[in-house]
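Have the chain open in your viewer, and let's take a friendly walk through its helices and a few of its residues.

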Amino acid sequence: MFWAWARMVGGVGLLAVLLWQVGGGPFLAGVRLIDAPALTAALLIGVVTTVCAAWRWSLVAGGLGVRLPLATAVAHCYRAVFLNATLPGGVLGDVHRAVRHGRDAGDVSRGIRAVIWERTAGQVVLVGVALVVLAAFPSPVRPYLPVAAALLVVGGLVAVLLARAVPNAGRSRWARAVRTAVADVRSGLLARRTWLGVLIASAVMVAGHLATFLVAARTAGADAPLSRLLPLTLLALLAMGLPLNVAGFGPREGVAAWVFGAAGLSAAQGVATATVYGALVLVASLPGAAVLLARRSRAPAAGREAASGGGC
């Protein structure tokens with residue numbers, strides 16, 4: 001509970017600092033600039049990214065021994081995206097789908113782990129794409145890339161060494177956790193029947209999110225070439241991984257303001273771009289609201305049927 005409140009307070013604090021620095025104009029301008037073509041593009045891209053997310057989740061869950069049909073995964077992912085876009089923290093929708101799928105499958109632990117690992121795979125691919133793009137195109141963080149890459153390599157080596165050493169260290173709680181994690185990665189992510197699909201789905205999702213950000217940038221009036229905008233939008237996309245937000249707003253707008261300003265564009269344009277992106281993501285997630293409403297309408301009907309002794 002403390003961390004949940006801390007994340008929300010952190011997000012509110014970031015937004016307050018942004019409002020103090022750039023005012024409310026960029027936020028309002030971003031909303032006013034949204035048009036029908038941008039909304040249509042966001043909805044179509046949202047279909048692709050959500051289906052890919054569901055496919056990745058289904059593959060990982062199947063690797064862990066938990067059945068998850070693709071159609072069910074798509075419905076759950078749409079609902080999760082909508083909850084992530086409307087509730088503080090940006091992860092409550094994923095928590096909901098993890099627990100719900102685990103309960104439906106009769107194994108909450110594996111259900112939760114499947115979501116954790118498929119989200120982790122997505123973040124790993126995102127970071128990999130970020131390193132390539134940021135190395136290829138100029139950006140405010142380009143001078144720091146060698147240090148960041150070295151830290152990632154060291155972190156990966158430490159993780160591999162721990163995975164090899166800890167499972168043999170005894171029956172402690174941490175040793176059991178590491179053994180479970182290693183087994184999950186082998187069967188859920190690196191197995192022959194899953195790794196390629198997970199990689200393709202994650203790469204398509206990254207491309208979709210970047211495309212939505214670029215649509216947002218053009219909608220907000222950024223006319224810089226794509227080679228200049230791409231690394232900036234990617235940095236803002238990376239900032240969304242920080243759980244310090246209010247309905248998705250917070251770090252994304254702060255980083256967008258910084259990188260746009262540092263790249264010679266205006267901080268206000270960065271905020272407007274991030275605001276448009278947030279609005280487009282919310283619109284693209286609206287099918288998830290329909291899933292929630294359908295679920296709520298079915299629940300009372302099922303209750304009445306059970307009370308009357310009906311059933312199939």
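## The chain as a whole

Please keep in mind that this is a predicted model. Its secondary structure comes to 13 helices and zero strands, so the pattern read along the sequence is simply α-α-α-α-α-α-α-α-α-α-α-α-α. The chain has 312 residues, and 39% of them count as buried.

Contacts that reach across the sequence are well represented: taking contacts between residues at least 6 apart in sequence, 68% join residues at least 24 apart.

## Annotated transmembrane regions

An unreviewed UniProt entry carries the annotation "transmembrane region" for residues 34-57, 120-138, 144-166, 195-217, 229-248, 255-271 and 277-294. Two of these spans can be set beside the model. Residues 34-57 are 92% helix and 0% strand, with their end C-alpha atoms 32 Å apart. For residues 120-138, the end C-alpha atoms lie 27 Å apart, and the span is 89% helix and 0% strand.

## Helix H3 and its partners

Helix H3 covers residues 36-63. How does H3 pack with helix H9, and at what angle? The angle between H3 and H9 (residues 195-219) is about 160 degrees, and their axes are 9 Å apart. Angles over 145 degrees count as roughly antiparallel, and H3 and H9 are therefore described that way. Their crossing is left-handed. By class, this contact has 16 nonpolar, seven polar and one charged residues.

With H4, H3 makes an angle of about 120 degrees, the axes being 8 Å apart. That makes the two helices oblique to each other, and H3 passes H4 in a right-handed crossing. On the H3 side the contact includes Gly 46, Val 47, Thr 50, Trp 55 and Trp 57, while H4 brings residues including Leu 70, Ala 73, His 76 and Tyr 78. The residues of this contact divide into 11 nonpolar, four polar and no charged.

## Helices H4 and H5

H4 (residues 70-86) also packs with H5 (residues 92-105), at an angle of about 150 degrees and with axes 7 Å apart. H4 and H5 are therefore roughly antiparallel, and their crossing is right-handed.

Which residues bring H4 and H5 together? From H4 come His 76, Cys 77, Arg 79, Ala 80, Leu 83 and Asn 84, and these meet Leu 92, Gly 93, Asp 94, His 96, Arg 97, Arg 100 and Asp 104 of H5. The contact divides into four nonpolar, four polar and five charged residues. His 76 and Cys 77 of H4 also take part in the contact with H3.

## Two residues to look at

Is Asp 184 buried or exposed? Asp 184 sits in helix H8 (residues 173-189) and has a relative accessibility of 5%, so Asp 184 counts as buried. Leaving aside residues up to four places away in sequence, Asp 184 touches Leu 64, Arg 113, Trp 117 and Leu 189.

Leu 44, in H3, is exposed, with a relative accessible area of 56%; the cut-off for that class is over 50%. The C-alpha atoms of Leu 44 and Ala 284 are separated by 7.8 Å, although these residues are 240 apart along the chain.

How values were computed:
Residues numbered from 1 in each chain as written. Predicted model: local features only at pLDDT ≥ 70, side-chain atom pairs only at ≥ 80, totals over all residues. Heavy atoms only, no water. Axes fitted to C-alpha atoms, helices over the stretch in contact; angles between N-to-C directions. Helix = DSSP H or I, 4+ residues; strand = E, 2+ residues; numbered from the N terminus. Parallel < 35°, antiparallel > 145°, perpendicular 65-115°, else oblique. Left-handed = near helix turned anticlockwise from the far one by under 90°. Contact = heavy atoms within 4.5 Å. Nonpolar A, V, L, I, M, F, W, Y, C, P; charged D, E, K, R; others polar. UniProt positions renumbered as here; feature names shortened; annotations may be inferred. Buried < 20%, exposed > 50% of the residue type's maximum accessible area, 1.4 Å probe, protein only.
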